[in-house]
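Please look over the sequence and the structure shown below before reading on. The report then goes through a few places in the model, one after another.

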Amino acid sequence: MAPLKALVEEQLFIQNRNSIDKTIAKPAREIHFFYGARNENDIVYVDYFYELAKQYPNFYYYPVLSRPDKDWLGATGYAQHVLALNWQNIVAQGDPEFYLCGPKGLIDDTIRLLRDKGVPESDIAFDVFS
């Protein structure tokens, strides 16, 4: 989780700095972060990412639980399926890049989804957990 957290923070910091420095005419890029876990206890940094989503209007956080308890009000199933459900929101600003981390099954399913959607290999980076 630490590398993805650092990547999100870096991108939000760079974009925030660019919005303050009016000499850089680069619009803020949307960041959609899908985080899959089995249950609510397995979600790391949940409050932190919700706070980032409040602070940065271009940051979207999607925690997804595959085995939620009865009180869970968020998305259920698998992160790659919630990604597919939100596809139009993700591609609304142009051609996105994808950074994937997780077990082999999740990575394989997500890469297959991205290829089916026409995402070029050069826009997909991943780290498989063994």
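Lys 5 is buried, because its relative accessible area is 18%, and buried means under 20%. This description, like everything that follows, concerns a predicted model. The side chain of Lys 5 meets that of Glu 9 in a salt bridge, with 2.9 Å from N to O. Both residues belong to helix 1, where they are four residues apart, about one turn of the helix. Glu 9, with a relative accessible area of 28%, is partly exposed.

As background to such pairs, side chains of opposite charge can pair when their charged atoms come close.

Three strands form an open sheet, in which the order is 1-2-3 and the pairing is parallel. Strand 1 and strand 3, the latter made of residues 75-76, stand at the edges with a single partner strand each, so one side of each is left without a neighbour in the sheet. Helix 2 packs on this sheet, where it touches strand 1 and strand 2, and its direction makes about 145° with that of strand 2.

Strand 1 and strand 2 (residues 59-65) run parallel and are joined by seven bridges. Among the residues paired in this way, Ile 31 has Phe 59 as its bridge partner in strand 2, while the partner of His 32 in strand 2 is Tyr 60. Strand 2 is mostly covered, since six of its seven residues are buried.

Which residues does Leu 12 contact, leaving aside its neighbours within four places in sequence? They are Ile 31, Leu 52, Tyr 56, Asn 58 and Phe 59. Leu 12 has its place in helix 1, which covers residues 2-20, and with a relative accessible area of 2% it is buried. Although Leu 12 and Phe 59 are 47 residues apart in sequence, their C-alpha atoms are 8.0 Å apart in space.

Asn 58 is found in the loop between helix 2 and strand 2, and it too is buried, with a relative accessible area of 11%. When residues up to four places away in sequence are not counted, Asn 58 touches Leu 12, Gln 15, Ala 28, Arg 29, Glu 30 and Ile 31.

## Tyr 45 in its loop

Tyr 45 lies in the loop between strand 1 (31-37) and helix 2 (46-55). Most residues other than glycine have a negative phi. Tyr 45, however, has a positive phi of about 60° although it is not a glycine.

Is Tyr 45 buried, partly exposed or exposed? At 37% relative accessibility, Tyr 45 counts as partly exposed. Together with Val 44 and Tyr 48, Tyr 45 makes a nonpolar surface patch of about 240 Å².

## Two further salt bridges

The side chains of Arg 112 and Asp 109 meet in a salt bridge, with 2.6 Å from N to O. These two residues are three residues apart in helix 5 (residues 104-116), and therefore they are separated by about one helical turn. Arg 112 counts as partly exposed at 46% relative accessibility, and Asp 109 also counts as partly exposed, at 32%.

Another salt bridge is formed where the side chains of Glu 121 and Arg 115 meet, with 2.5 Å from N to O. Glu 121 counts as partly exposed at 47% relative accessibility, and Arg 115 likewise counts as partly exposed at 47%.

Notes
Residues numbered from 1 in each chain as written. Predicted model: local features only at pLDDT ≥ 70, side-chain atom pairs only at ≥ 80, totals over all residues. Heavy atoms only, no water. Buried < 20%, exposed > 50% of the residue type's maximum accessible area, 1.4 Å probe, protein only. Patch = residues over 30% accessible without salt bridge, like charges linked within 9 Å, V, L, I, M, F, W, Y side chains within 5 Å. Areas by Shrake-Rupley, 256 points an atom, 1.4 Å probe, with all protein chains shown as cover. Salt bridge = Lys/Arg side-chain N within 4 Å of Asp/Glu carboxyl O. Pairing = 2+ DSSP bridges. Contact = heavy atoms within 4.5 Å. Axes fitted to C-alpha atoms, helices over the stretch in contact; angles between N-to-C directions.
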